[in-house]
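Subject: Structure for you to look at

Hello,

Here is the structure I promised to pass on. Please open it first, then read my notes below.

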Amino acid sequence: MPSIGESRDAPRHSIPVVDLFGFEKNSADTERVVRDVRSALRDVGFMYVTNIGPLTHSHVGEMIDLSRAFFARDENYKKQFGDSYGNMDVKTGKRKRALWTHWGYSSFGEERFEANKIDQKEVFDTAKDLLDPLYDLPSYPDEFQLKWNEFTQFHRLCHETTHVLYRAISLSLGLPASALAGKFQWDRDAGGEELRFLKYPQIPGDVLNESAGTDQSGLVRAGMHTDYGSVTLLFQQDVGGLEVYHHPSSTWINVPPPPQDTPRPWIVVNTCDLIEHWTRGLYCSTAHRVRMPRTAEENKERFSIAYFAHANDDVTLEAVGGEEVAKRMWDGKLAGLPGHHSWNEGTAHVEDPSKVTAIEWLCRRMGKTRTWKYSSDA
Ligand SMILES: O=C(O)CCC(=O)C(=O)O
Ligand SMILES: [Fe+2]
């Protein structure tokens with residue numbers, strides 16, 4: 001299996017590239033993909049995938065353009081769309097489905113992955129629940145309204161792409177291809193699901209000179225964390241900085257920007273907390289971060305888009321079937337982050353995974369990383 005990027009320190013490791021060409025079309029390609037997915041997720045928890053589903057470079061490019069245009073607006077405009085959407089009063093009289101979902105704009109430091117570091121990023125979060133006309137929709141920024149069809153189609157295609165991955169992951173666990181499909185459905189409540197637009201601005205020169213790129217700095221583009229859902233799809237363009245923690249060698253692996261001249265985009269995929277629970281730790285929820293630029297040359301604004309696939313709200317953390325998973329002894333503790341980190345205490349340990357739902361898990365995690373109060377009260 002080819003791979004790309006290497007850690008800055010020996011021993012060298014890299015991000016595997018999995019080509020889904022021919023997956024479920026012929027048995028040789030299907031077997032190759034399943035084998036590659038298995039080793040990528042077991043050994044690293046991150047992979048680049050390509051030739052998967054209908055997403056094209058132009059779908060991704062359109063969303064990056066939309067994102068650039070929105071983030072270029074002034075702070076007052078963007079802040080109108082800020083805040084949790086959690087306490088919205090839904091007029092239909094139905095359950096407050098949107099309660100769980102974070103929607104809108106967040107600025108520097110509103111999400112904190114590391115206690116003493118301030119994330120140098122701006123974010124716009126959207127969720128499929130907040131595209132549903134049954135609910136009292138927020139008014140989206142102009143840039144989203146102008147490209148509404150493209151934006152909602154992109155969201156839908158991310159969901160479809162996730163389901164292709166679910167099929168490959170299920171097969172890689174020795175399960176039927178459809179084993180995970182029912183866990184995450186477009187037409188069900190899945191409050192943890194999010195499509196997120198990110199901008200990491202250029203760092204002012206004096207700040208860069210003082211601290212950039214050092215682990216001691218109080219600034220980071222995105223502090224180290226694991227993602228809360230099942231899998232994340234990440235679209236990045238030509239500015240790097242994403243790093244992945246490789247537990248076996250205790251090193252950070254660089255995830256270089258993908259080539260742009262491929263027939264289909266390369267998508268970074270990582271397995272997240274729910275998959276680690278569902279597989280009893282066989283596939284790890286891998287810590288990652290976006291480091292500060294180290295040189296003036298690297299100091300460019302960076303745009304990325306993350307699709308956080310989750311699970312229907314009532315799906316539990318109980319292990320999926322399959323011989324290998326069933327045999328695993330596991331104490332319900334995620335491998336977590338490098339070193340001794342507060343995230344690892346309290347949130348990470350699940351006594352009885354069959355009693356914790358996906359939405360409860362999300363609230364535990366959000367409660368720790370959001371600086372505003374995240375309420376789970378209905
Ligand atoms: O922008 C990136 O490359 C990573 C973003 C990320 O990890 C996140 O928002 O969870
Ligand atoms: Fe992440």
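**What I found**

Phe-308 is found in strand S15. Helices (H or I, at least four residues) and strands (E, at least two) are DSSP runs, numbered from the N terminus.

Before going on, note that this is a predicted model: local features need pLDDT of at least 70, side-chain atom pairs count only at pLDDT 80 or more, and totals for chains, interfaces and linings use all residues. Residues are numbered from 1 along each chain as its sequence is written, chains are lettered from A and ligands numbered from 1 in the order in which they are written, and side-chain values use heavy atoms, with hydrogens and water left out.

**Phe-308**

Is Phe-308 buried or exposed? Phe-308 counts as buried because its relative accessibility is 17%. Buried means under 20% relative accessible area, exposed over 50%, and partly exposed in between (1.4 Å probe, protein chains only). Contact means heavy atoms within 4.5 Å. Leaving out residues up to four places away in sequence, Phe-308 touches Gly-192, Glu-193, Glu-194, Arg-196, Asp-227, Val-231 and Thr-232. Gly-192 is 116 residues from Phe-308 in sequence, yet their C-alpha atoms are 7.7 Å apart.

**The cavity**

A search of the whole structure finds two of 30 Å³ or more. On a 1 Å grid over the protein atoms alone, a cavity is a set of points where a 1.4 Å probe fits but cannot get out; lining residues have an atom within 4 Å of a point. Grid points are joined across faces, edges and corners, and a volume is the space filled by probe spheres set on the points.

The largest cavity has a volume of about 400 Å³. It has 35 lining residues, and the closest to its centre are Phe-113, Arg-196, His-225, Asp-227 and Phe-308. Elements that give two or more residues to this lining include strand S7 (194-200), strand S15 (302-308) and helix H9 (358-369). By class, the lining has 15 nonpolar, twelve polar and eight charged residues. Ala, Val, Leu, Ile, Met, Phe, Trp, Tyr, Cys and Pro count as nonpolar, Asp, Glu, Lys and Arg as charged, and the others, Gly among them, as polar.

**The iron ion**

Which residues coordinate the iron ion (ligand 2)? They are His-225 (NE2), Asp-227 (OD) and His-288 (NE2), at 2.1 to 2.2 Å. Along the chain, these donors follow the spacing H-x1-D-x60-H. His-225 lies in strand S9 and His-288 in strand S14, so the pair ties together parts that are 63 residues apart in sequence. Both His-225 and His-288 are buried. Donors are N, O and S atoms within 2.8 Å of the metal (3.2 Å for Na, K and Ca); water is not among the atoms, so sites may look incomplete.

**Phe-46**

Phe-46 sits in strand S3. Phe-46 is buried, with a relative accessible area of 2%. Residues that Phe-46 touches, not counting those up to four places away in sequence, include Ile-15, Leu-242, Val-268 and His-288.

**Two residues with positive phi**

Most residues other than glycine have a negative phi. Asn-51 is not a glycine, but has a positive phi of about 55°. Asn-51 lies in the loop between strand S3 (46-50) and helix H2 (57-71). Arg-280 has a positive phi near 50°. Arg-280 is in the loop between helix H7 (273-278) and S14.

**The whole protein**

The protein has nine helices and 15 strands. Of its 378 residues, 57% count as buried.

Best wishes

Conventions
1 Å grid on protein atoms, 1.4 Å probe; cavity = no way out; pocket = protein on both sides within 12 Å on 5 of 7 lines; lining within 4 Å.
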